[in-house]
Amino acid sequence: MPSGSYLTLTHVSRDGHPADAVAAIEAVYAATPTPIYFREHAEVAPFFEGFELVPPGLVTIDTWHPDPDDPAPEATRWLYGGVGRKP
């Protein structure tokens, strides 16, 4: 990617979730053409190697510049998100 490019990604997380719930969801998706893989924060962070993370960094998407007036439902914290800029 050329300098100045941005990488934006989200990824499902197993952090803070019961192992049996994660395994059950992975099992359902294993039978589809698009399986799903849950990762911990430390496993997602390397996707941004070579990029400068835009604040607030790699966080659960509910904490990414939240609007205090947004009537969104309570956060479930199943998804990490981040934006990185290629120097």
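The peptide bond leading from P55 into P56 is cis, with omega near 15°. Most peptide bonds are trans, and most residues other than glycine have a negative phi. The structure is a predicted model, in which local features need pLDDT of at least 70 and side-chain atom pairs count only at pLDDT 80 or more, whereas totals for chains, interfaces and linings use all residues. Residues are numbered from 1 along each chain as its sequence is written, and side-chain values use heavy atoms, with hydrogens and water left out.

The protein contains two helices and four strands, and these follow one another from the N terminus in the order β-α-α-β-β-β. The mean pLDDT (the predictor's confidence in each residue, from 0 to 100) is 93 for the protein, and 100% of the residues reach 70 or more. Among the elements, the highest mean pLDDT, 98, belongs to strand β2 (residues 52-53), and the lowest, 95, to strand β3 (residues 59-60). Taken along the principal axes, the C-alpha atoms fill a box of roughly 40 × 35 × 20 Å. Of the contacts (heavy atoms within 4.5 Å) between residues at least 6 apart in sequence, 70% join residues at least 24 apart. Buried residues account for 24% of the 87 residues; here buried means under 20% relative accessible area, exposed over 50% and partly exposed in between, with a 1.4 Å probe and protein chains only.

Within strand β1, H11 has a relative accessible area of 12% and is therefore classed as buried. The side chain of H11 makes a polar contact with the side chain of R39 at 2.5 Å; a polar contact is a pair of N or O atoms within 3.5 Å, of which, within protein, one must be able to donate a hydrogen and the other to accept it, and residues adjacent in sequence count only if both atoms are side-chain atoms. Apart from residues up to four places away in sequence, H11 touches Y37, F38, R39, V44, F47, W78, L79 and Y80.

A polar atom of the H17 side chain lies 2.9 Å from the backbone oxygen of R77, and the contacts of H17, leaving aside neighbours within four places in sequence, are with V22, T76, R77 and W78. R77 itself belongs to the loop between β3 and β4 and, although not a glycine, has a positive phi of about 60°; with a relative accessible area of 43%, R77 is partly exposed.

The loop between β3 and β4 (79-85) also holds H65, which has a positive phi of about 45° without being a glycine and counts as exposed because its relative accessibility is 55%. W64, found in the loop between β3 and β4, is partly exposed, with a relative accessible area of 26%. Although W64 and G81 are 17 residues apart along the chain, their C-alpha atoms are separated by 7.7 Å. Beyond its neighbours within four places in sequence, W64 is in contact with V54, P55, P56, G57, V59, G82 and V83, and the cis peptide bond noted above joins two of these residues, P55 and P56.

F48 lies in the loop between α2 (41-44) and β2 and is buried, with a relative accessible area of 4%. Not counting residues up to four places away in sequence, F48 touches L7, L9, L53, L58, G82, V83 and G84. The C-alpha atoms of F48 and D69, which are 21 residues apart along the chain, are separated by 31 Å.

The largest pocket has a volume of about 170 Å³ and is lined by I61, D62, P66, D67, D70, A72, P73, E74, A75 and T76. On a 1 Å grid over the protein atoms alone, a pocket is an open set of points where a 1.4 Å probe fits, with protein on both sides within 12 Å along at least five of seven lines, and lining residues have an atom within 4 Å of a point. Grid points are joined across faces, edges and corners, and the volume is the space filled by probe spheres set on the points. By class, the lining has five nonpolar, one polar and four charged residues, where Ala, Val, Leu, Ile, Met, Phe, Trp, Tyr, Cys and Pro count as nonpolar, Asp, Glu, Lys and Arg as charged, and the others, Gly among them, as polar.
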